[in-house]
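Colleague: Please go through a few residues of this model with me.

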Amino acid sequence: MDKGSITIFIFCLGMANSLECHKCLINEGNCSKAPVEVCRPNQNACFTVIKKYHGLGADTAKQGCGSSNDCRRYPMGTKGSLFRTMWCCSSDLCQPIHLPVNQDGSQNGLVCQSCIGGPAECSLTAPSRQCSGSADRCVQISQRFFPGEELEPIIKGCGNSSFKDLQVLYQIGKDFAFLDQKVCGQSNCNNRSFPEILTGQPNGLQCYSYSGSGREESNLQKRQILRCTGAMNRCVRIIKGENKSTAVTVQKGCATESMCWRDTDIYLRLKGENSHAECCKRNLCNKAHSPTNPELMTILSLCLVFTVYQ
């Protein structure tokens, strides 16, 4: 047998021993009738990913070839309004997905694109679903996050009156992030592309910029002054981890006023339950808080006692 024949034989033998997985992207039902994908040699598992977004009919399931390492590293759990989970298995066509449709009321005639993911999952031809109950509008959300924040850049689905047109911009140091949310009332109207979001020109406001431990927040050497641009007309101070088991971290920078609207609670949706944003509109107003009145009285009392016993 010549060298070329041996190569073809080894290739065919590898293909014969390759794992097979269903390949699909759905918003309801299962993948049992989906096309079959032959996995590459470095893909040793069939994966199943399910994503949900609180309050929005956007449930998405995806299945295909992957690796067991992908499962171990996948960022599962709840982050703000987003929930994600992933499973892996290692036998042919294993773990078919069944994604139930959670309907609040009967179908209302509206149809919207429904997906959670990147451009590949949420293209202009993303799958659609029937809306039901009070979900009377189509929603599309485009998001950009800071480095290391592994969330989903595009979300589409059926929403109720709590979803409105909204744009949130914020910048910490050189890192710029945004949330651009659009709503519309016609079937599949959330199939639009997203315009590019730009920071704009300096607007005259200056804010402290900092990201790190709450204990180091007052350290002058670790904070910078940031010149705000475009619609970012507020200084913001973001506090995360205000509980006994988590260290407090602080982020400071520039943001749009919408970052601070309590009725949208936008930062909670993005970050989690133990986070909140404080905003102000004067130059460098987002400095560390001074002690509150009770704290100040305690400090003065201790100073008085110390003086008496000198």
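Predicted model: local features only at pLDDT ≥ 70, side-chain atom pairs only at ≥ 80, totals over all residues.

Modeller: Residues are numbered from 1 along each chain as its sequence is written, and side-chain values use heavy atoms, with hydrogens and water left out.

Colleague: Is Glu217 buried or exposed?

Modeller: Glu217 sits in the loop between β17 (202-213) and β18 (224-229); strands are DSSP runs of E, at least two residues, numbered from the N terminus. Buried means under 20% relative accessible area, exposed over 50%, and partly exposed in between, with a 1.4 Å probe and protein chains only. Glu217 has 4% relative accessibility, so this residue is buried.

Colleague: Which side chain forms a polar contact of 3.1 Å with that of Glu217?

Modeller: A polar contact is a pair of N or O atoms within 3.5 Å; within protein, one must be able to donate a hydrogen and the other to accept it, and residues adjacent in sequence count only if both atoms are side-chain atoms. The partner of the Glu217 side chain, at 3.1 Å, is Lys252.

Colleague: Where is Leu93, and is this residue buried or partly exposed?

Modeller: Leu93 belongs to the loop between β8 (82-89) and β9 (98-99). Its relative accessible area is 33%, so Leu93 is partly exposed.

Colleague: What is the phi of Asn188?

Modeller: Most residues other than glycine have a negative phi. Asn188, in the loop between β16 (175-184) and β17, has a positive phi, near 55°.

Key:
Helix = DSSP H or I, 4+ residues; strand = E, 2+ residues; numbered from the N terminus.
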